[in-house]
Amino acid sequence: MTDKTHLFEYLLRLGDNALVLGQRLGEWVAHGPELEEEMAMANFALDYIGQARLFLSYAGEVEGQRRDEDQLAFLRDSIDFKNVLLVEQPNGDFGQTIARQFLYESFYQFQLEGLSRSTDTRIAEIAERVSKEIRYHLRHTRKWVLRLGDGTDESHKRIQNSFDELWRFSGELFVADETDNWAVEHGIGPNPETLSSRWNQFVGAALTEATLIQPDDGWMDGGGRYGRHSEHLGYLLADMQFLQRAYPAASW
Amino acid sequence: MKKEDWPLFEIFIRSRSGLSHRHVGSLHAADASMALDHARDLYTRRGEGVSLWAVESRNIAASDPAESSALFEPAEDKIYRHPTFYEVPEGVENL
Amino acid sequence: MYTQGLDQKPDTEKQVDGTEQLVRFQARIDADEKIEPKDWMPDGYRKTLIRQISQHAHSEIVGMLPEGNWITRAPTLRRKAILLAKVQDEAGHGLYLYSATETLGVSRDQLTEQLLTGKAKYSSIFNYPTLSWADIGAIGWLVDGAAIMNQIPLCRCSYGPYARAMVRVCKEESFHQRQGFEIMLELSRGSDAQRRMAQDALNRWWWPSLMMFGPSDVDSKHSAQSMAWKIKRFSNDELRQKFVDVTVPQAEFLGLTMPDTDLDWNESRGHYDFGEIDWQEFYEVLKGNGPCNRERLAARQSAHDDGAWVRTAAVAYAQKQKRRCQAA
């Protein structure tokens, strides 16, 4: 693979993670547990959609096939989506959304830290900006982990269950493959393997404080980065892409 | 109040450094830290502030409007507290 | 927006003669003074405000549902971001208004209950479905357009907290109508299928938008008193006429046809004449017989029910933290 295809691939992964999470969080709007919290969810969704646009526009430029952010978002099928499985998991109840956000963003913060030192100045600039957004998300999400974990018996049970359910998707975050190795070699981004101990520490500390039990690293699922997704992604894309598919080449 | 109801907080924003915090409205939150998060999302979506205060509403003591004439009207006739009360002759400067 | 509950003593002081107090109150209103939460106010004034502001708040919140429908299906990332920001603003406006209502001595909890039990009303426009993307354009252009007409005079309403909330709302709403018009413009310049979508949306939203201004002045039971109290500044029919007058040329610009054969410029009046509104439909929807009344309330109800364990957990945690702080 050439540098160009590696970089394109790398940007798609970043963009797709953000896009799919933004899409999921958007589902919460008008259905949240309290109006004030809906405002927060909408802000997070907006941040992610913004990030997706930055990464996907850049990906399109790198590819050089005249595909813009929208063509990449709305006209690829699931086999070409490069997001990790964790982010496409359904919202479930509020606790499950919090657990998913917390697991992912705990990783994302360290990834962004590495990306902000990227030799690719455009990536470094985006990462710098996004880091601020994610720092706030995490602050908010972490507090919810504590509230639900150390709240009532019911909330404790529910969020523990969500962490248990989602844990199997955390492994994929830290597996370095050919594209990651290329990124490390060229100073584009961090080696995901090296992020796992900090992640474990960060997540572990929060879970302990929340009186929750950190699930065992058992069998880990994966494959999202290679277009092998869970069944959930197809429905998400069907919803998201409907208009662009039903009215090809229309302008909106 | 039911056990799931969140208390009311009053929110104050400093719109930029150099200005004091100003009351902007209220919101509900389970605790002060959540109140600050919600205030950020509710009252600073368009960059309206650089600093936030959240105070639980029941902790604010307020003057009674029925007392307002007794409280505030006596200040009205102390016009000598204002510089415009005094005569400055023409030609005198820096006063 | 301090709540009435703040530092409030039971009203045991000797009552000034009711009529004298009323006269003094009306004099303040006539002098364009603002009434603040803890000031004396007639019961009717308080009740009218609670009804009107809470209805307004509920409308913002229920209004999130028809538009929220299309967040996951917005056709471009730019449109998705705009729609998200807009629907989020609606939540914000609902919250500003709930907070203004709470200054009158009603709690959020009571307000939510009134909405969910159907005791409180909300704007019936939101009981109509959003069937296509063009509906998002039509809502911004027509529904927000009509809302702005209604809301701008409210910035000068006699009740301070309501007026302040409305200043904020109006400032933020100004982009809502424009983004709606932009969607319609894009569709009207697009393919036949898109133009058809836009025309269909106009056909379905035009009459309900006109109904948003409320019953005609002759049938409106609250109008006169509200005008005297400066809770309301213009009559329903005045505002409706103004809306028609500004909107017709915009539809012409879009190349869309208004679904009203009686619509015609009246040179002598200097206004557009328009057809008879189907008030039967309006009252039916108000009674609960609109296309989506049940869905809208069911959606709010399930959000409320599904969130109960979360709200309870947050309170329980806050209490534990407080105890820990005190113990430390």
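This is a predicted model: local features need pLDDT of at least 70, side-chain atom pairs count only at pLDDT 80 or more; totals for chains, interfaces and linings use all residues.
Residues are numbered from 1 along each chain as its sequence is written, chains are lettered from A and ligands numbered from 1 in the order in which they are written, and side-chain values use heavy atoms, with hydrogens and water left out.

Let us begin with chain A. Its secondary structure consists of 10 helices and zero strands, where helices (H or I, at least four residues) and strands (E, at least two) are DSSP runs numbered from the N terminus. Read from that end, the order is α-α-α-α-α-α-α-α-α-α. The radius of gyration of chain A is 18 Å, close to the 18 Å that the globule rule gives for 252 residues, so chain A is as compact as a globular protein of that length. Here the radius of gyration is taken over C-alpha atoms, and the globule rule is 2.2 Å times the number of residues to the power 0.38. Along the principal axes, the C-alpha atoms of chain A fill a box of roughly 55 × 40 × 30 Å.

What share of chain A counts as buried? Of its 252 residues, 62% do; buried means under 20% relative accessible area, exposed over 50%, and partly exposed in between (1.4 Å probe, protein chains only). Contacts (heavy atoms within 4.5 Å) tell us about the fold as well: among those in chain A between residues at least 6 apart in sequence, 80% join residues at least 24 apart. The accessible surface of chain A comes to about 9,700 Å², and 49% of that belongs to carbon and sulfur atoms. Such areas come from the Shrake-Rupley method with a 1.4 Å probe, and for residues only the protein chains shown count as cover. As for charge, chain A carries 25 positive and 41 negative side chains, with the centres of the two sets 3 Å apart. Lys and Arg count as positive and Asp and Glu as negative, while His and the chain ends are not counted; each charge is placed at NZ of Lys, CZ of Arg, CG of Asp or CD of Glu.

Now turn to where chain A meets chain C. The contact takes 47 residues from chain A and 44 residues from chain C. About 4,000 Å² is buried between the two chains, and carbon and sulfur atoms give 68% of this. Buried area is the accessible area (1.4 Å probe) that two parts lose on being put together, summed over both. On the chain A side, A:Leu35, A:Met39 and A:Trp252 lose the most area to chain C, together 18% of what that side buries.

Leaving aside neighbours within four places in sequence, C:Arg79 is in contact with A:Trp252, C:Ala74, C:Trp133, C:Gln179, C:Glu182, C:Ile183 and C:Glu186. C:Arg79 is buried, with a relative accessible area of 2%.

Chain B has another make-up: two helices and three strands, in the order β-β-α-β-α from the N terminus. The radius of gyration of chain B is 21 Å, well over the 12 Å that the globule rule gives for 95 residues, so chain B is more spread out than a compact globule. Its C-alpha atoms fill a box of roughly 70 × 35 × 15 Å along the principal axes. Of the 95 residues of chain B, 34% count as buried.

One of the buried residues is B:Asp37, with a relative accessible area of 1%. B:Asp37 is found in helix H1 (residues 32–43) of chain B. Which residues does B:Asp37 contact, leaving aside its neighbours within four places in sequence? They are A:Tyr136, A:Arg139, A:His140 and A:Lys143.

Finally, look at two backbone details in chain A. A:Thr211 has a positive phi of about 60° although it is not a glycine, and lies in the loop between helix H9 (196–209) and helix H10 (231–246). A:Ala249, also not a glycine, has a positive phi of about 65° and is placed in the segment after H10. A:Thr211 is partly exposed, with a relative accessible area of 42%, whereas A:Ala249 is exposed, at 82%.
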